[in-house]
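Please read this briefing alongside the sequence and the coordinates. It takes up a few local features in turn, grouped by topic.

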Amino acid sequence: ERYLRVPGLLRQTVLTPLLERLPVDRLSKLARKSRDTDVVRRYLTWKRMTDADLLPALLADAQQAGQADAAISRALRPFLDTPQSRHFGDRLAFTGLRSWLAEDSNMRVDKMTMRMSTEARAPFEDHHLVELALALPLDYKLRGGDFKTVLKDAVADLVPDDILRRPKWGFIPPLSDWLRTHLRPLVDQYLAPEYVAAAGFFQPQAVSRLVDEHLSKRAYHMTVLWTLLVFHLWHALYIEDSAPPHFELSDYTVSDIVSNHFPNRVG
């Protein structure tokens, strides 16, 4: 939003073309995202797993790419248009609340905890707290570029300062490594040209190119490959009714994941 405050003529003719060519990934992405003014396309530049330009070449029926965009637009636009706010961040947050939180985040928490016979609670989703959060101005919630300023203010007298001030860090499994090692048999079977062609949804040659480039580390296609793999596993299970082979990651423990990706955080 701050970038979009730059006068349009200067931004579109000079700054955006320049930033798009820079090797700094964050700046080039910012420039590309600034080109989308439609609210749905702007949302998808932040949230989609697959580059829109890739879809026509990836899908077996290239016309489905346009149909998919129309269907996604019908689903998202009511959420994106609901907040009466000048900030696109409010639209992002509300759409996530109405779609991602329930259908993805909460679903995963519920499945994983029930699988382990563990009760889970989500106290931050108490409707009184949600209503308060939605009523707060975005400028107040994102003070100084900090996404958790309000929460930190609320617990400042309860949580040590070194915890409040430490940088955010996630817990992301090494999926790229798994695709090259432990899950490679699944890749070889369910992203093979023969299987992709038999399923009939994607272009076998396009999928093989992504697999080859990613596994050889010539390019990074993690999100689209993971999506394609999970889709074809779903297809095998629920459409073909053929269960895939069972794989264990027993020799790749949680401590391995943490030590490999967060070497300074273990202890």
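**Salt bridges, helix packing and surface**

Arg-209 and Glu-213 are 4 residues apart in helix H14 (residues 204–215), so about one helical turn separates them. The model discussed here is predicted, and a search of the whole structure finds 11 salt bridges.

**Salt bridges**

- The side chains of Arg-209 and Glu-213 meet in a salt bridge, with an N to O distance of 3.4 Å, and Arg-209 is partly exposed, its relative accessible area being 38%.
- A salt bridge also joins the side chains of Arg-218 and Asp-212, at 2.7 Å from N to O; here Arg-218 is exposed, with a relative accessible area of 55%, whereas Asp-212 counts as partly exposed at 42% relative accessibility.
- In helix H12 (residues 184–190), Arg-184 and Asp-188 stand 4 residues apart and are therefore separated by about one helical turn, and their side chains form a salt bridge of 2.9 Å, taken from N to O.
- Arg-184 is partly exposed, with a relative accessible area of 33%, and Asp-188 is likewise partly exposed, with a value of 44%.

**Helix packing**

- Two packed helices are described by the angle between their axes together with the distance between those axes.
- For helix H3 (residues 39–47) and helix H5 (residues 63–81), the axes come within 9 Å and cross at roughly 100 degrees, which means that H3 is roughly perpendicular to H5, since angles of 65 to 115 degrees count as such.
- On the H3 side the contact is made by Val-39, Val-40, Arg-41, Tyr-43 and Leu-44, while H5 contributes Asp-69, Ile-72, Ser-73, Leu-76, Arg-77, Leu-80 and Asp-81.

- Leaving aside residues up to four places away in sequence, Thr-16 touches Tyr-3, Arg-11, Ala-31, Ser-34 and Arg-35.

Terms used. Residues are numbered from 1 along each chain as its sequence is written. This is a predicted model: local features need pLDDT of at least 70, side-chain atom pairs count only at pLDDT 80 or more; totals for chains, interfaces and linings use all residues. Side-chain values use heavy atoms; hydrogens and water are left out. Contact means heavy atoms within 4.5 Å. Axes are lines fitted to C-alpha atoms, for helices over the stretch in contact, and angles run from 0 to 180 degrees between N-to-C directions. Helices (H or I, at least four residues) and strands (E, at least two) are DSSP runs, numbered from the N terminus. Angles under 35 degrees count as roughly parallel, over 145 as roughly antiparallel, 65 to 115 as roughly perpendicular and the rest as oblique. A salt bridge is a side-chain nitrogen of Lys or Arg within 4 Å of a carboxyl oxygen of Asp or Glu. Buried means under 20% relative accessible area, exposed over 50%, partly exposed in between (1.4 Å probe, protein chains only).
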